[in-house]
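Q: Please take a close look at one part of this model: the ligand site and the strand residue beside it. Then place that part in its wider packing.

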Amino acid sequence: MKTILLIHGPNLNLLGSRDQEQYGSLTLADLEKLVEVRAAMRGYTVRAFQSNHEGELIDWIQKNSPDACGIIINPGALAHYSYALHDAIVDTRLPCIEVHLSDIHAREAWRAQSVFAPACITQISGKKEKGYEEAVEALMNFLHHLDRNDTKRYDPNE
Ligand code: DQA
């Protein structure tokens, strides 16, 4: 079974009770289910993880990436400053999609910058739960294209 890693950073465990105007009304479990169902339709399994701690996220990525084929990550506020988490993503050599529920380009100036963008195939922002559906479809399309070209690993620097 091909495995997609679905990763959530700080405070995203509180989805459902956070600012619904920005983040929508779904809980983290709801979002995970949404992605799981779409992935299963195309033969992928999803391994999900959330942590409020940068180091825990990095440890989990290092442990879980070797047998995975791609990553969807909402790094939360870590998107704006965590070079360590950025490096952990790059080191997996897996294709990664960055998702934000809110539109990070239409809020405070400090949110508009993501240090993850260079490590990701694309960034989806401001589409609430629809962004997750778009992300999983885009990742599976990308992986399908890689399979067809018989490439095992994606190198963002190539
Ligand atoms: C977020 C946007 C971040 O700026 C914020 O810190 C979050 C959630 C989003 O999904 O819109 O916690 O990543």
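A: Buried here means under 20% relative accessible area. The model is predicted. His100 has a relative accessible area of 4%, so His100 counts as buried. His100 lies in strand β4, residues 96–100.

Now the ligand. His100 is one of the residues that surround the ligand.

Polar side-chain atoms reach ligand oxygen atoms at several points. For Asn74, the distance is 2.8 Å. For Arg18, it is 3.0 Å. For Arg111, an N or O atom of the side chain is 2.8 Å from a ligand oxygen. Taken alone, the ligand exposes 320 Å², and the protein buries 98% of that.

Next, the wider packing. The largest nonpolar core has 24 residues. Ile4, Leu15, Val35, Tyr44, Ile72, Tyr132 and Val136 have the most contacts inside it. Strand β4 supplies at least two residues of this core, as do β1, α2, β2 and α6. The largest share, 7 residues, comes from α6.

Ile72 shows the packing in detail. Its contacts include Ile4, Val35, Ile97, Val99 and Val136. A second, separate core has 20 residues, among them Ile7, Ile61, Ala68 and Phe116.

Technical notes:
Residues numbered from 1 in each chain as written. Predicted model: local features only at pLDDT ≥ 70, side-chain atom pairs only at ≥ 80, totals over all residues. Heavy atoms only, no water. Helix = DSSP H or I, 4+ residues; strand = E, 2+ residues; numbered from the N terminus. Buried < 20%, exposed > 50% of the residue type's maximum accessible area, 1.4 Å probe, protein only. Core = buried A, V, L, I, M, F, W, Y, C linked by side-chain atoms within 4.5 Å. Contact = heavy atoms within 4.5 Å. Near = heavy atom within 4 Å. Polar contact = N/O pair within 3.5 Å; in protein donor to acceptor, adjacent residues only side chain to side chain. Areas by Shrake-Rupley, 256 points an atom, 1.4 Å probe, with all protein chains shown as cover. Lists of a residue's contacts leave out its neighbours within four places in sequence.
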